[in-house]
Amino acid sequence: MSTAVATAAPPRTPLLQRLSQPRPLILLLLLMWLPLMAQVMAGNYLGPLRNIIMLPGIPAAVILYVLAFRAWRESWVATLGLTLVFFWILVALSAPFLPLLDPNKPIAPFTLPFTEKRDVFFWLGTDLKGRDMLARTLWGCQRVLVWGVTATAVAYVVGTLFGLLAGYLSGWWDEIISFVANVFLSFPVMVLFIVILNYLGPSGFNIVIAVTFASAPAIMRIVRGLTLDIKTRDYVFAAQTRGESPLYIMLVELLPNARGPIIVDACLRLGYTTVAITTLTFLGLGLQPPDPDWGLMIKEAAKTAMLFKFSYMLIIPALSVSSLILGFNLMADGLREMSLRD
Amino acid sequence: MSDPTPVLECEGLHISYFTRAGEIPAVIDFNLKVMPGEAVGIVGESGCGKSTVALAIMQYMGKNGRIMKGQIRFKGRDMTTMSQEELRHLRGSQIAMVYQEPMASLNPAMKIGRQLIEVPLYHEPGCSEAQAYERAVQMLADVRLPDPKRIMESFPHQISGGQQQRVVIAMALLSHPALLLLDEPTTALDVTVEAGIVQLIKEISAKFGTSMIYISHNLGLILETCDRITVMYSGEAVEVGKVEDVFDRMRHPYTRGLFNSIPLPGADKHARPLVPIRGQLPLPHQRPKGCYFGPRCDYFQAGRCDAAPVPMLSVPEHQGHDSRCLRIDEIDWGAKVAAVTTADKAEFGPTVLRVENLKKYYDIHDTSLMAMIKGQRVRTVKANEKLDFSAREAETVAIVGESGCGKSTFAKVLLGLETATEGRAVLDNQDLGHTPVQQRHPQVVSHLQMVFQNPFDTLNPSHSVGGQIARVIRKFGVENDPDKIKERVMQLLDIVKLPRDFYFRRPRQLSGGQKQRVGIARAFAGNPRVVVADEPVSALDVSVQAAVTQLLMEIQRENRTTLLFISHDLSLVRYLADRVVVMYLGTIAEQGTTEEVFAPPYHPYTEALLSAVPIADTSVTKKHIVLEGDIPSAVNPPPGCPFQTRCPRKLGPICEQQEPPIRRFGDGHEIACHIAPDDLLQMEPVIVLADDQASPSSAA
């Protein structure tokens, strides 16, 4: 009897606190992220399932937003960034369920924003082929988000691994890894992108590879520096005197303590990657038509938006990209601000 | 009475910091009076507000600190109402400050001469550059720096830490300040270098008549340098008085607790056990009502001590002696400290660890062009040279030496993080010297564990306390079942006297002393045979030091573990070690039982080291031997005897040409020195207790 009361009694706050534990957090992140990834990377194979799998992602994203907002409420910069980022994540997840026109269906070309044509009211007008700008903008965030985050994550895994190796093992490992990284860093980023994508051909997966080549060396340098500092700590000596393997020391003793600066840098780098993907798509080297994408929209608009009257075709997707990048950057700023405080 | 105006007077000073958590009172109702030519000491543990007082006197409070109430009067003028312009003229010319870290006080990009010349040029408008240069050179000579002209042309990183601190003191004195503030000026320095600086500080006050405020956590240093003393606890001054009064006739339980928790070089663990102060310093926003020391005090009376804030009361019959204790008249201040546990001397077992002719050389590869031309591409650093000693079961062997003497390198070789160049280190008939830790049998690894120095570094901040101890148990296969592992961790937490719910805590939620206890629990989790403790308490506060030392000894006695105690603190070594090995520049200068090492015959280095230890006991008289210069670099050690460059008893060329022979006295007492054994036997003891013959406590 008393146990029943006890289980019913806890109010809402402990639930949120319980959700803030690492395991529920990872579960929520996966719930939110996997459908988006499946949608963008393998949407054609999913058939009718492709929209249904998005459903559990929406509440997961809302819960994550509430949790993160609570945790970061001390920094208004971080919460503002968070709000911008989660706005686009929620849009990406709920795009199939919003009352939007088909983003790929031409209706009426060159319709200005806030005008009605053929009995349809166009909030943001239509593009040169007559497709609804609002639908295209909202659908377009899916690809930028998924490819941007995936590319950054892969670059981080590779960069962190090499950084740990170079920093902890030092000696020849450090010499070789640092030398290769220096070679990559000496290329202008855009040249590197263009060379790799011209060689591999334009596609989302190849963007991931290109971003990894361009970002991993810089990430490796950051992680290497952090590792060099942390490996002189006594707890690392303690692990060494226990005879722990280098892999255990790198992953369990070193990596968790380097996470602060890494997370801040990752947020900043998400912004860079988003810019890079949009630029590549604009150059025709990235994601391919017809599915909506911000970079693609800017590219298509650039040809026809010479007239000031039609500049909205360019400004709307450009502003969307900027808001997402601003979101990532503000998050990075806020996280750094909070990490400095304690 | 016509008192001259005090140089500095603090009256009813209240200082608060404003943080996210709100107002935090850092200093409460603080009074201080410094007369011309007087040296006043401020003692207290970390977080008691002593540095805040210093910063307030300099008016460097920062953005979030504010003087809430009270006055700071400098020569009768209230500093709290002065303008920024006036303060700027006072600082540096009238009030000067010397900080703990000398390197941080000097501009690394400017030559020392330039930095010194600036002081008179800025503060005295009429001063020409040539005059300023003259004065700077003179002042460098006054602080006893050799070759002042060369120092003027050096950058700060080109001179040693002790010399840097002398330069900082010279800079502070250049404008002939009326008041000199010294905030832990020797804490970052080695003992023998510290002794030189302390000597200098005493000379300065005699020569220039400068008033001084000396802030330190070390009671021994205060005794050597100051006339009056203020003891602070949790933001309040708890006892004020003449040094002799406070040291010999203390009237506050906290002061008494402090004295009982520091080891004195005249006593060992069997004669006078340390009595730690229980509990911890309260956080500034969690101070108890009434007397702040109440919860930790043995004389606490509920309803009286926790009723209202305790005012400063003057001690009857002692002139100028005040204490913040309501029960001044009731406590029996002369009572002998009740020994908590009178430890019996442990029976030593068979030899566990034997080090034979151990050498560790490092090669430095010089890749510069000059080295290539000269053909000297590899230089050798002799970190350890011919170490020979052994340790028996349940024995505590202390390895004593200053920085750069090779004691940490030795620990690394022993633990397998480095391999020896030559010689052997044998643990239970297995050679350790040449097997790195990865190649050692897991059992051998578990038999040798370490307690580290820095409590803030010893635990991984990302993992829970329990998880880190459990990892050791699992790694060494002491237990394998998860429930049993957890049970064992709980037992270990009990042993180190920490509550069991610390299992789930993160290291950042623990205080320094608590972290060090976890470090001890972790070291003993694998049932080691030998534990190497590298300065395990040197980073802790005095009252916590005693408790952690006591704990380490208890566990050692219970498990009959061999303890290698690496330390520079001779008082502590005298207290807990059974045998002592004194190292200098990678070689063993002297070794023997604790009694033998602390009594003549001495190695000249041991003698200097003993005389350099600050002792917080007025009844002790000691010889003053101040070593010249600094410890030479191990890259370029002096030929012959390594100590010859600083040795006050140097015989002559023989010391520079030949390595000293080992003189043997009695059972295992060895001294590496050229001085003839008979002359060594003639030495007088360095430390003499005044009541040595009459003292009943040492006999009992």
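In chain A, helix H13 (residues 259-282) packs against helix H14 (residues 294-304) at an angle of about 40 degrees, and their axes are 7 Å apart. This is a predicted model: local features need pLDDT of at least 70, side-chain atom pairs count only at pLDDT 80 or more, and totals for chains, interfaces and linings use all residues. Residues are numbered from 1 along each chain as its sequence is written, while chains are lettered from A and ligands numbered from 1 in the order in which they are written.

**Helix pair in chain A**
- Helices are DSSP runs of H or I with at least four residues, strands are E runs of at least two, and both are numbered from the N terminus.
- Axes are lines fitted to C-alpha atoms, for helices over the stretch in contact, and angles run from 0 to 180 degrees between N-to-C directions.
- H13(A) contributes Ile277(A), Thr278(A), Thr281(A) and Phe282(A) to the contact; H14(A) contributes Trp294(A), Gly295(A), Leu296(A), Ile298(A) and Lys299(A).
- Contact means C-beta atoms, placed from the backbone, within 7 Å.

**Interface**
- Chain B has 19 residues in contact with 12 residues of chain A.
- Helix H14 (442-447), strand E18 (448-451) and helix H15 (465-475) of chain B each supply at least two residues of the side touching chain A.

**Confidence**
- The predictor gives the complex an ipTM of 0.78 and a pTM of 0.81.
- Chain B has a mean pLDDT of 82, with 94% of its residues at 70 or more; pLDDT is the predictor's confidence in each residue, from 0 to 100.

How values were computed
Two residues are in contact if their C-beta atoms, placed from the backbone, lie within 7 Å.
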